[in-house]
Amino acid sequence: MILEANCKINIGLDVLRRREDGFHDLETVMFPVRGLYDTVEVVANGLPCSRISIAGLGIDCPDDDNICLKAARIMTERFGTGGVDIKLCKRIPFGAGLGGGSSDGVAVIKAVNAIFNLGLSDDTLTETAAAFGSDTAFFVRNTPQLCTGRGEKVEPITLDLHGLTLVVAKPDEGVSTKEAYAGINPHVPQHSVAELVARPVAQWQGALKNDFEPSVFASHPRIHRLKQAMLEQGAVYASMSGSGSAVFGLFDKDSAFNPPFDGVFVHTEKL
């Protein structure tokens, strides 16, 4: 079975408080980016263990620690499935705040569910996905979702961006989750992400914010420059996605984005 594991962007991201378990409560809207995806092929191998091979873009972790293998192992532990062979072709940049790894892991549990005829519901898959990542639950339904808790609590949200052009850009540098959270100042804002995202897109800029931006921009000025360039080139809304380093812009007309420096990955799609 071959699945296209697409990425996501975060539209607004508030880090509300630090929890006793060391995680943070947050509120964000995740939105699927259909045209930017990894390819995940999963087949039963008749063995008690799962294996993986990886092609495409590099990943900064050993193969044995890959989230796809973690997902396959959880399915074996919870539901008694046999092993699978996984072929992962990476197209989504690593360390970008686009959720590529989480999407790959969810693709594996969806494939295992189908291959072994488990018949698991979306609710069960969502609970299972939350066991190996904070933003994995979103990818089970893969529609616009309001995400709370540490990102694992999801509920559908109406968000129509039809007709806009989305541009995602990532410089040749990454931001680790640890680095991003080290500079955060948790707080509860006057207006929630859910309230702000209900406004017209033209009213988002300056109101709908990503709490990771101030500290990340201070340490990575090129990421900040990418966001500025998108606004200068006509984006009606631009923001960093997740904890970075990717930036995205929403444009109300077709136009090619010209990065202000070299070495930038750019993806464009019509919504």
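First, some ground rules. This is a predicted model, where local features need pLDDT of at least 70 and side-chain atom pairs count only at pLDDT 80 or more, while totals for chains, interfaces and linings use all residues. Residues are numbered from 1 along each chain as its sequence is written, and side-chain values use heavy atoms, with hydrogens and water left out.

**The overall build**

The protein has 8 helices and 10 strands; these are DSSP runs numbered from the N terminus, with helices being H or I of at least four residues and strands E of at least two. Its radius of gyration is 18 Å, close to the 18 Å that the globule rule gives for 271 residues, so it is as compact as a globular protein of that length. That radius is taken over C-alpha atoms, and the rule is 2.2 Å times the number of residues to the power 0.38. Along the principal axes, the C-alpha atoms fill a box of roughly 55 × 40 × 35 Å.

Buried residues make up 51% of the 271. Here buried means under 20% relative accessible area, exposed over 50%, and partly exposed in between (1.4 Å probe, protein chains only).

**The cores**

A nonpolar core is a set of buried Ala, Val, Leu, Ile, Met, Phe, Trp, Tyr and Cys residues joined through side-chain atoms within 4.5 Å. The largest one has 29 residues, and V40, V42, I86, V106, V108, I109 and F132 touch the most other members. Two or more residues each come from β2 (24–44), α1 (67–79), β4 (84–90), α2 (100–115), α3 (122–130) and α4 (138–141), with α1 giving the largest share, 7 residues. A second, separate core of 28 residues includes I157, L161, L166 and A246.

Take I86: leaving aside neighbours within four places in sequence, its contacts (heavy atoms within 4.5 Å) include V40, V42, L69, A72 and V108. Over in α3, L125, T126, T128, A129 and A130 are buried, and the buried residues of this helix pack against α1, α2, α4 and β6 (153–156).

Two other residues are worth a look. A5 sits in strand β1 and is buried at 3% relative accessibility; among the residues it touches are V40, I92 and A107. N66 lies in the loop between β3 (51–56) and α1 and also counts as buried at 3%. Beyond its sequence neighbours up to four places away, N66 is in contact with I52, I54, I59, C61 and L88.

**The pockets**

On a 1 Å grid over the protein atoms alone, a pocket is an open set of points where a 1.4 Å probe fits, with protein on both sides within 12 Å along at least five of seven lines; lining residues have an atom within 4 Å of a point.

In the largest pocket, G99, S102, D135, T177 and S243 are the closest to the centre out of 43 lining residues. The second largest pocket has D14, H187, R199 and K209 among its lining residues.
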